[in-house]
Amino acid sequence: MQRLLYSFLSFLIFSFSANPVKAAAIEFWTTETQSDRVRTIQLLMDTFQALNPGITVNLIPVDENDLPSQIAAAAAAGTLPHIIEAGSELIIAFGEEGILDVHLSSEILKQIGEKRFYKGALKMLSSPEKGMYYGLPFHGWVQGIWYRRDWFEKEGLSPPDTWDNILRAARTLHKPENNQYGILTGTKPEVYTEQCFTHLALSNGVRQFNENGELVFNSPETLETLNFYRQLSGYNPPGPQSWRARDYYIQGKMAMFFYSTYIMDDLALAEEARGSLSGDFFSDLKGNAFDPELVNNTGVVTIIKGKRPAGYGAIVGLCLMKTRSKEGDEATKRLVEFMYEPFSYITFLHMAPGGMIPVIKEIASMPEYLNDPKGLFRKYGRKKMEEIIAGLENIESFTNIDGRPFPMAGRIYSKMIIPQMIYSVTIEGKSPEEALKLGEGEMEKVIKD
């Protein structure tokens, strides 16, 4: 904590000794709408205003689902906010609409230091213009396969980091007669299902669009992935499944499951796991006591190796809107710099330990960050935390592959086309070939709309 306090005091001294900016009022829209998080962010804004007399920050929480319509209305009225905290898909979409100040964002990012960021996080917000960014990565999550390392070791199984290893482990550890299942993959038509599929698809070289922006989803690679996904789903608990089936793992009835780092507290803290320890959601789960050794017996793989290694995750960034006020731009720049100061940054990340992981490399190993209010990170230990967070180095999504953005993929994502395709194959029994053809047809409708 002394190091963090020293950094904060250094920033405090700098703020008062530097030339103050001219008076300005700026609007900051955040997609963090929970009341406790809004209070924390407001505390940071109050601190910033105390350090910068003359600058007023108006914090406005906006539900992420409402953000596109709210931005469209503000753009039409000429009342865009100065800064927004939002997911990378939305930021890229706003960038394509031409309403972001890409040059100012890139200038601030380079001043903070590009090399300080994980490469995957930077790629998720890169602009087609070389060396430019739609926004600044701020925090994110990494998806992985979380698995019972003790069960794997007992059976002599390798970690589930390749297609062969995943399938072998699912088959070996699937014992439905004992109410034990090999894996959890989403099969309901919802976001979780798309997230599971996308991780595997990226590892198999699947693309929605080629370099010319042409739709190429109906490919041999996609069909191969869909067939593999159907095979894996045979080792699921019975019936259509969503993220909720993580309860099987937490109650000791499942070998592995796809999930983001948001699961970390449920695996390590009894009070957080409580919702998954009952028999309320599944007739074949009668409830169980919290296993304090579960966190120690759990491993995680964030990179899946198919035809290529692939990581999958999400980035939330800060994007700056085009304004006509130099004073507003300077005040916004100063606010962004303040948000990346260790004191401010760690305070923000600690609103959701595990769910919000740092995109700045050195933060991951700072004692101040690892000493979160819940004591969660102490359960995992510094080495394991660094390994998990390092997954940000290689994350991708269909909206951004190899540093190239594909905004139309974000619109396709919002229509739940891929989860519907998977549901039709895994639950309704449709052939993968037919489902894939129909899925691409739905994507074509989105593109034409």
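Tutor: The protein chain has 21 helices and 12 strands, taken as DSSP runs numbered from the N terminus (helices H or I, at least four residues; strands E, at least two). This is a predicted model, where local features need pLDDT of at least 70, side-chain atom pairs count only at pLDDT 80 or more, and totals for chains, interfaces and linings use all residues. Residues are numbered from 1 along each chain as its sequence is written, and side-chain values use heavy atoms, with hydrogens and water left out.

Student: What box do the C-alpha atoms fill?

Tutor: Roughly 70 × 50 × 35 Å, along the principal axes.

Student: What share of the residues is buried?

Tutor: 57% of the 449 residues. Buried means under 20% relative accessible area, exposed over 50%, partly exposed in between (1.4 Å probe, protein chains only).

Student: On to α20. How many of its residues are buried?

Tutor: Eight of its 10, so α20 is mostly covered. The buried ones are I417, I418, P419, M421, I422, S424, V425 and T426.

Student: What covers them?

Tutor: The cover includes α9 (191-203), α10, α19 (407-414) and α21 (432-448).

Student: Take α10. At what angle does it pack on α20?

Tutor: About 55°, with the axes 10 Å apart; α10 spans residues 220-233 and α20 residues 417-426. That makes α10 oblique to α20. Angles under 35 degrees count as roughly parallel, over 145 as roughly antiparallel, 65 to 115 as roughly perpendicular, and the rest as oblique.

Student: Which residues make the contact?

Tutor: From α10, L226, Y229, R230 and S233; from α20, M421, I422, V425 and T426. Contact means heavy atoms within 4.5 Å.

Student: How do those residues divide?

Tutor: Five nonpolar, two polar and one charged. Ala, Val, Leu, Ile, Met, Phe, Trp, Tyr, Cys and Pro count as nonpolar, Asp, Glu, Lys and Arg as charged, and the others, Gly among them, as polar.

Student: New topic. Where does G156 lie?

Tutor: In the loop between α7 (149-155) and α8 (163-172).

Student: Is G156 buried or exposed?

Tutor: Exposed, with a relative accessible area of 63%.

Student: And how far is G156 from A169?

Tutor: 9.7 Å, C-alpha to C-alpha, and 13 residues apart in sequence.

Methods: Axes fitted to C-alpha atoms, helices over the stretch in contact; angles between N-to-C directions.
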